Amino acid sequence: MAANETYADWQARMAKVILPKWIELPNFDLYMDQVLLLINETLQPLGVDPVTAAMINNYVKHKVILSPVKKKYQIMQLADIIVISLLKPSYPLDKIRQGIDQVTATGYPKRAYDNFITVLTNQLHHPDDPITISDQDLSHSLTTAAAQLIVNKLRTDELLRLNQVQTKPQQIEK
């Protein structure tokens, strides 16, 4: 990221972000190093912190994701790690797991994950568009609010970074 970059440049970058839907995730088991490569390549365009093996082991230890089977991770765990990685800067792991469980309680995990990715991608591509929250579909409203939280966090981080680059410290008189 160049020093002369603008907020409009960030918006243009976010407008190009494409996150994988369920069907685009590998439909075969992956070892830890493969999981890390996939997740970090997927999330890199967003500028979020990379996922580490220690983090994933912590998710398993605290039962935030299912344990791997013979040291291999499946599509459900990949989807969970993506969602957790995006929400972790704003919520504790137990709250994230609770939210995932609530959204998937009324529908299939595939459908819930794809809905989350669709809503998040739409908000990344159009961060200034208004969102709709409704009592009619609380699971969708929860998904929408979570996606908006992620976009607002990314936007706030970028504005903070831009402001630090552009604002020169001034001597405070005593």
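How close do the axes of helix 6 and helix 7 come, and at what angle do they cross? The legends below take this up, starting with that pair. This is a predicted model, in which local features need pLDDT of at least 70, side-chain atom pairs count only at pLDDT 80 or more, and totals for chains, interfaces and linings use all residues. Residues are numbered from 1 along each chain as its sequence is written, and side-chain values use heavy atoms, with hydrogens and water left out.

**View 1. The crossing of helix 6 and helix 7.** The two axes (lines fitted to C-alpha atoms over the stretch in contact, with angles from 0 to 180 degrees between N-to-C directions) come within 9 Å and cross at roughly 40°. Helices here are DSSP runs (H or I, at least four residues), numbered from the N terminus. Contact (heavy atoms within 4.5 Å) involves residues including Phe-116 and Leu-120 of helix 6 and Ala-146 and Ile-150 of helix 7.

**View 2. Ala-146 in helix 7.** Ala-146 is buried, with a relative accessible area of 16%; buried means under 20% relative accessible area with a 1.4 Å probe, protein chains only. Beyond residues up to four places away in sequence, Ala-146 touches Leu-87 and Phe-116. Ser-90 is 56 residues from Ala-146 in sequence, yet their C-alpha atoms are 9.6 Å apart.

**View 3. The largest nonpolar core.** Such a core is a set of buried Ala, Val, Leu, Ile, Met, Phe, Trp, Tyr and Cys residues joined through side-chain atoms within 4.5 Å. Among its 44 residues, Leu-46, Ile-56, Leu-120 and Leu-124 touch the most other members. Helix 4 gives the most, with nine residues.

Terms used. Buried means under 20% relative accessible area, exposed over 50%, partly exposed in between (1.4 Å probe, protein chains only). Helices (H or I, at least four residues) and strands (E, at least two) are DSSP runs, numbered from the N terminus.
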